[in-house]
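Open the model in your viewer and keep the sequence panel beside it. The stops below say what to select next and what is there.

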Amino acid sequence: MWKDFKEFAFKGNVLDLAVAVVIGAAFGKIVSSLVENIITPLVGLLLNGVKFTSLSFKYKETEILYGNFLQSVFDFLVIAFSIFIFIRLLSKFKRKADVVEATKEAPPVDSKEVLLEEIRDLLKKQNNLS
């Protein structure tokens with residue numbers, strides 16, 4: 001793991017890293033919009049119109065806005081889940097591409113060749129036994 005980190009940190013392509021940061025920021029905005037504009041209102045509907053951000057507790061003159069904290073936790077969970085799904089899809093596509101590439105590299109095996117190899121191996125065994 002340390003070796004991989006050193007290779008990444010010292011031999012990594014800075015341009016690739018910059019592109020990843022920009023795409024990550026854009027993806028974060030999309031997911032934040034999804035959470036704020038679609039998922040949170042739907043959850044609010046399920047909870048009889050309760051908005052997380054309006055939840056608060058007043059003690060004497062201090063108002064504790066625990067709804068903002070709950071909203072932040074909810075945002076984090078949805079964003080983390082979205083990134084997990086996105087990375088999982090990318091890995092699945094990469095695995096499929098690797099399988100396709102591996103099948104292109106391996107020449108098709110003819111069943112006659114396999115049989116001939118088996119016969120050759122059997123003859124070698126017989127010669128060694130004699």
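## Stop 1: a loop residue

Begin by selecting Lys60, which sits in the loop between strand 1 and strand 2 (62-64). This is a predicted model. Is Lys60 buried or exposed? Lys60 counts as exposed because its relative accessibility is 68%, above the 50% cut-off. Now read the backbone torsion: phi of Lys60 is near 55°, a positive value in a residue other than glycine. Most residues other than glycine have a negative phi.

## Stop 2: the whole chain

Zoom out and colour by secondary structure. The protein chain has 4 helices and 2 strands. Read from the N terminus, the order of its elements is α-α-β-β-α-α.

Next, switch to a surface view. How many of the 130 residues count as buried? The share is 8% of the 130 residues.

With contacts displayed, consider separation along the sequence. Among contacts in the protein chain with a separation of 6 or more, 40% are between residues 24 or more positions apart.

## Stop 3: the nonpolar patch

Select Phe57, Tyr59, Ile64, Tyr66, Phe69, Leu70, Val73, Phe76 and Leu77; these residues make a nonpolar surface patch of about 920 Å². Which elements each supply at least two residues of this patch? They are strand 1 (57-59) and helix 3 (66-105). Helix 3 contributes the most, with 6 residues.

Draw a distance from Leu70 to Leu55: their C-alpha atoms are separated by 8.9 Å, and the two residues are 15 residues apart along the chain.

## Stop 4: a buried glutamine

Stay in helix 3 and select Gln71, which has its place there. Why does Gln71 count as buried? Its relative accessible area is 10%, and buried means under 20%. Show the neighbours of Gln71 next. Leaving out residues up to four places away in sequence, Gln71 touches Val35, Thr40, Phe52 and Thr53.

## Stop 5: positive charge

Select Arg88, Lys92, Arg95 and Lys96, which gather on the surface in a patch of positive charge. Take Lys92 as the example from this group; Lys92 lies in helix 3. With a relative accessible area of 43%, Lys92 is partly exposed.

## Stop 6: negative charge

Now select Asp110, Glu113, Glu117 and Glu118. These residues form a surface patch of negative charge. Glu113, one of the patch members, lies in helix 4 (residues 111-129). How accessible is Glu113? The relative accessibility is 45%, so Glu113 counts as partly exposed.

## Stop 7: the salt bridge

Finish with the charged pair. A search of the whole structure finds 1 salt bridge. Select Asp121 and Arg120, whose side chains meet in a salt bridge at 3.3 Å, N to O.

Conventions
Residues are numbered from 1 along each chain as its sequence is written. This is a predicted model: local features need pLDDT of at least 70, side-chain atom pairs count only at pLDDT 80 or more; totals for chains, interfaces and linings use all residues. Side-chain values use heavy atoms; hydrogens and water are left out. Patches are made of residues with over 30% relative accessible area and no salt bridge: like charges are joined within 9 Å, nonpolar side chains (Val, Leu, Ile, Met, Phe, Trp, Tyr) within 5 Å. Accessible areas come from the Shrake-Rupley method with a 1.4 Å probe; for residues, only the protein chains shown count as cover. A salt bridge is a side-chain nitrogen of Lys or Arg within 4 Å of a carboxyl oxygen of Asp or Glu. Lys and Arg count as positive and Asp and Glu as negative; His and the chain ends are not counted. The place of a charge is taken as NZ of Lys, CZ of Arg, CG of Asp or CD of Glu. Buried means under 20% relative accessible area, exposed over 50%, partly exposed in between (1.4 Å probe, protein chains only). Contact means heavy atoms within 4.5 Å.
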